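Subject: Structure for your files

Hello,

Here is the structure you were expecting, with the sequence alongside. My notes on it follow below.

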Amino acid sequence: QMCIRDRLSWMRGEWVREQEADRLEEIWSTPGEDSLIGMFRWSKQGKLWMTELMHITVEGDDLVFRLKHFGRDLAGWTEKSAAPAYRLISQKEGEAVFESPTETNPRRFIFRGNGRDRYVVRMESVKGDETSVMEFVFGKRD
């Protein structure tokens with residue numbers, strides 16, 4: 001039986017990033033045996049712009065990452081039942097890589113961290129032969 005607590009506990013915590021007039025916050029719960037729940041908030045100039053609800057769950061023999069985006073009014077950005085699955089394709093100490101065989105924007109999520117003061121989210125999107133990268137480096141909230 002796969003246990004998320006044993007594999008992803010380094011993600012737990014409140015992570016924050018300031019960039020220009022924006023504040024990005026990612027909060028991951030204490031992991032359970034089969035789930036890890038996350039929330040992301042992006043504020044622009046002190047006002048909420050968007051949020052995400054995220055979770056990583058055990059599905060059969062896989063760990064699967066899913067997320068949904070919401071605007072300030074809590075209206076979803078995607079189809080009501082849409083929540084693409086990103087399966088864990090590799091993992092080592094302080095790193096988990098999730099990828100979708102069908103999604104392209106992004107195709108892959110890479111989470112890295114030391115569990116203490118650094119947490120990185122890297123999103124890789126694919127368009128034709130081109131790969132574009134967006135990466136956010138967070139620090140631990142005091």
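S125 stands opposite S132 in β10. This pairing, like everything else here, is read from a predicted model. β10 covers residues 130-140, and strand β9, residues 119-127, is joined to β10 by nine bridges, the two running antiparallel. Together β9 and β10 make a hairpin that has two residues between the strands. In that turn, G128 has a positive phi of about 65°.

β10 also pairs with strand β1 (residues 13-19); these strands are antiparallel too, with two bridges joining them. On this side, V16 has G139 of β10 as its bridge partner.

Which element gives the largest share of the lining? That is β10 again, with five residues. In total 29 residues line the largest pocket, and E52, H69, P106, F109 and M123 are the ones nearest its centre. By type, the lining splits into 20 nonpolar, five polar and four charged residues.

In soluble globular proteins, nonpolar side chains tend to be buried together. Here the largest nonpolar core has 29 residues, and I56, F65 and F111 have the most contacts inside it. Strand β4, residues 47-59, gives the most to this core, with four residues. Apart from neighbours within four places in sequence, F65 is in contact with W28, M54, H55, I56, P84, A85, Y86, F98, F109 and F111. Two residues on that list, I56 and F111, are also among those with the most contacts inside the core. F109, another contact of F65, is one of the residues nearest the centre of the largest pocket.

One more residue of β4 to note is T51. Is T51 buried or exposed? T51 has a relative accessible area of 15%, and because buried means under 20%, T51 counts as buried. Setting aside its neighbours within four places in sequence, T51 is in contact with F40, R41, K68, H69, F70 and L74. Of these contacts, H69 is also listed with the residues nearest the centre of the largest pocket.

Regards

How values were computed: Residues are numbered from 1 along each chain as its sequence is written. This is a predicted model: local features need pLDDT of at least 70, side-chain atom pairs count only at pLDDT 80 or more; totals for chains, interfaces and linings use all residues. Side-chain values use heavy atoms; hydrogens and water are left out. A nonpolar core is a set of buried Ala, Val, Leu, Ile, Met, Phe, Trp, Tyr and Cys residues joined through side-chain atoms within 4.5 Å. Buried means under 20% relative accessible area, exposed over 50%, partly exposed in between (1.4 Å probe, protein chains only). Contact means heavy atoms within 4.5 Å. Two strands pair if DSSP finds at least two bridges between them. On a 1 Å grid over the protein atoms alone, a cavity is a set of points where a 1.4 Å probe fits but cannot get out, and a pocket is an open set with protein on both sides within 12 Å along at least five of seven lines; lining residues have an atom within 4 Å of a point. Ala, Val, Leu, Ile, Met, Phe, Trp, Tyr, Cys and Pro count as nonpolar, Asp, Glu, Lys and Arg as charged, and the others, Gly among them, as polar.
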